[in-house]
Structure formats: C-alpha cells, structure tokens
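Look through the model below and follow its strands by eye.

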Amino acid sequence: MGFKILDVPTTSISEVKKSPSIVFKKAERENTPVYVFNRGDVAGVMLTQEQYESLTNEIEVLHERVLDLEVEKRLAIKDLKLYSDEEVRGANADQFLTIDENDGWE
C-alpha cells in the first residue's frame, strides 16, 4: 500500500530505537506528526500526546456532526412515515424490554 508522503518531518526506525523522546520533541517543535521510515518504507507515524488527543477529539466532533446532519436529512423528508411502537413490535408493544446482562456471553 503506497502512502502519499506529505511535507512533514521524517526519521528512521533506528533513530526511534535510539531515542524516542527526540522524535517526540521533533513532533512537538514542528507541531506536526513525524513519519518513521524503515528501509525506505513508512513504518508508522509518531505524534505527541497532545497531537493524538487533538486528532481523536476532532474525529469525535466530526462523527457527531455527521450524525446531526443525518438527523437533519431525515427530518427534512416531507412524507416521512412514522411507525408506532405497536406497529413495530406488534403484540409485544405493551411489554417492557429487558436486557439480560449475560445475553450472548458464555
């Protein structure tokens, strides 16, 4: 699988083995992840804890936004058919749903 190498700092796997903290400092100083190469191929990407948390927070925000847009899209449908609980669950509609915490576990 080929990766498009961006204009970001790089290092070798040997340098990471020698001193990972130097690579983290490089990522912090450059304010960008550092590509780690092993024999000319990308072996991985190193980033600081702050960079990682920022990325995961951004992903979470984007997922929430996608869900919001999906709800907006569904609500915009003019002839949206709504179903009652009875139509969906039939005769069981008047019964409470219970979840067995061992359900599916052996």
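T11 stands opposite V36 in strand 2. T11 itself belongs to strand 1. This is a predicted model, and the values here are computed from it.

Is T11 buried or exposed? T11 has a relative accessible area of 13%. The cut-off for buried is under 20%, so T11 counts as buried. Leaving aside residues up to four places away in sequence, T11 touches V16, V23, V34, Y35, V36 and F37.

## How the strands pair

Strand 1 covers residues 10–12, and strand 2 covers residues 34–38. These two strands run parallel, and three bridges join them.

Strand 2 also pairs with strand 3, which spans residues 41–46. Here the sense is antiparallel, and the pairing has five bridges. Within this pair, Y35 stands opposite V45 in strand 3.

## The hairpin

Strand 2 and strand 3 form a hairpin. How many residues lie between the strands? There are two. In this hairpin, R39 takes a positive phi near 55 degrees.

## The whole chain

The protein chain holds four helices and three strands. Along the sequence, their order is β-α-α-β-β-α-α. The radius of gyration is 25 Å, while the globule rule gives 13 Å for 106 residues. The value is well over the rule, so the chain is more spread out than a compact globule. Along the principal axes, the C-alpha atoms fill a box of roughly 65 × 45 × 30 Å.

## Surface and contacts

Which share of the 106 residues counts as buried? The figure is 15%. T11 belongs to the buried residues. The accessible surface of the chain comes to about 9700 Å². Carbon and sulfur atoms account for 54% of that surface.

Now take the contacts between residues at least 6 apart in sequence. Of these, 38% join residues at least 24 apart.

## Rings and charges

How many aromatic pairs does the structure hold? The count is zero. One ring does have a charge over it: the charged end of K81 sits over the ring of Y83. The distance from the ring centre is 5.1 Å.

Conventions
Residues are numbered from 1 along each chain as its sequence is written. This is a predicted model: local features need pLDDT of at least 70, side-chain atom pairs count only at pLDDT 80 or more; totals for chains, interfaces and linings use all residues. Side-chain values use heavy atoms; hydrogens and water are left out. Two strands pair if DSSP finds at least two bridges between them. Rings of Phe, Tyr and Trp (its six-membered ring) pair if their centres lie within 6.5 Å; planes under 30 degrees apart count as stacked, over 60 as edge-to-face and the rest as tilted. A charge sits over a ring if NZ of Lys or CZ of Arg is within 6 Å of the ring centre and within 35 degrees of the ring normal. The radius of gyration is taken over C-alpha atoms; the globule rule is 2.2 Å times the number of residues to the power 0.38. Buried means under 20% relative accessible area, exposed over 50%, partly exposed in between (1.4 Å probe, protein chains only). Contact means heavy atoms within 4.5 Å. Accessible areas come from the Shrake-Rupley method with a 1.4 Å probe; for residues, only the protein chains shown count as cover.
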